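Let's take a friendly walk through one protein model. Have a look at the structure below, and then we will visit a few of its local features.

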Amino acid sequence: MTTDSGRRIRTWSARAAFVFAALTAVIPVLFAGVVGTLGVLIIGTGGVVVTMAALYWFLTRYGVLRWVSLAIAVLSPIFVVVVFVRARLLWVVLLAVAAALLAVVCARIALRAGTPPATAPGRSAPRAQHPFLIMNPRSGGGKVEKFDLRRRAEELGAEVAMLEGHVDVEALARQAVARGADLLGVAGGDGTQALVAGVAAEHDLPFLVISAGTRNHFAMDLGLDRDDPAAGLDALRDGVELRVDLGRINGLPFVNNASFGVYAEIVRSPAYRDDKTATVLRLLPDLLAGHTGHQLVARIDGTTVVGPQAILVSNNPYGTSDLAGLNRRDRLDRGMLGAVTVSVANTRDAVGLLRRTRSRGLTQHTTARVDVDTDAPQLPVGVDGESRRLDTPVHCVIEPGALRVWVPRERPGTPPARPTIDWLRLRELAIRGDVAASR
């Protein structure tokens, strides 16, 4: 497919998405009016509004009101469907649903086709003479033992240090370098990966990622097999070296992201690791209402954002519709940070941001530096999922190509990002074409 034809497909797919989205709204109005059941349509529209409002109240309220809101959010769609069935208009609902599905398909075609190229391919890596690997036996529910990683690594000539109790991981890595280690690696979570990656970058040593953590976002963006951590060890005998960027926050390294505000406050709760869902639900109402946490000020490329409830700074930008760093990065070698700030003043703002139909309260930047300040001497920050308190102002920078990562020559590769429906970007595609929307 030529570049021009690809652009035309993206542009027309975006336009078709809006046509089908319009039909989704018009079909019930047209046919309900024809058969004299406009009241049913009003009930249907009201049901959508009530459901969205109830979900927001569930997230932002406590006690009985929270659970009543959840019940309303569940029962409202059921009530609407029952009303349409009794009015013999179920076929109208099915027709509208079909139009909505076609809108989603066209939108995904438009957004998927615009995915930028992956991280540049690397060069063949030589055999390491003294590889040193740090393994956390508790990470990922015990993946180190489950996949017999220690034995397999030692058979490949690696020295392995197991993390037992409280261990200074950085000091452990530096001691290995002093003893002559010519490769550092980690089988553990992203937080541990980042600490050792920082030492490897300082000494210009290759770094090995073994996906033995829970989510392994860094491993995913490197194209590694997250379901088979042992496959990462193949880089010791037939590896490829990739040059990727490394983020720094007040001098500390991060491979994925640093988060401020809502997410950082949640992560630092002692209960978070034991029950993430319950902790989020317990803390979110006060955080969204601004009753706890710190008043933040973000300075990005000459732009000052005052009072955002959440800030996400990432080592290379995430997709434009990923506001929480839960998806993936298409590249790790752009030499730029991604920066997202989110401010939610009311239910309408929150719903608009969640559905990506409104840009109010949202800023997204690609930059080389982000500064975050507050009136407190220290600020809680989530650094690659680990809670830290850092002196203010907090400075985030990028070190282009600072990290030499070794990966197996044979690996799944970076999976294509599953595009969420970003209607703001889709609108730019439909109106201005692919080139303009990608700027």
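A patch here is built from residues with over 30% relative accessible area and no salt bridge, where nonpolar side chains (Val, Leu, Ile, Met, Phe, Trp, Tyr) are joined within 5 Å and like charges within 9 Å. Accessible areas come from the Shrake-Rupley method with a 1.4 Å probe, and for residues only the protein chains shown count as cover. A salt bridge is a side-chain nitrogen of Lys or Arg within 4 Å of a carboxyl oxygen of Asp or Glu.

This is a predicted model, in which local features need pLDDT of at least 70, side-chain atom pairs count only at pLDDT 80 or more, and totals for chains, interfaces and linings use all residues. Residues are numbered from 1 along each chain as its sequence is written, and side-chain values use heavy atoms, leaving out hydrogens and water.

Val50, Val64, Val68 and Ile72 make a nonpolar surface patch of about 320 Å². Helix 3 (residues 63–86) gives the largest share, three residues; helices (H or I, at least four residues) and strands (E, at least two) are DSSP runs numbered from the N terminus. Val68 lies in helix 3 and counts as partly exposed because its relative accessibility is 40% (buried is under 20%, exposed over 50%, partly exposed in between).

Now for some backbone angles. Most residues other than glycine have a negative phi, and most peptide bonds are trans.

Asp204 sits in the loop between helix 8 (190–202) and strand 5 (206–210), while Asn316 lies in the loop between strand 11 (310–315) and strand 12 (337–342). The peptide bond from Thr392 to Pro393 is cis, with omega near -5°.

Definitions and conventions. Buried means under 20% relative accessible area, exposed over 50%, partly exposed in between (1.4 Å probe, protein chains only).
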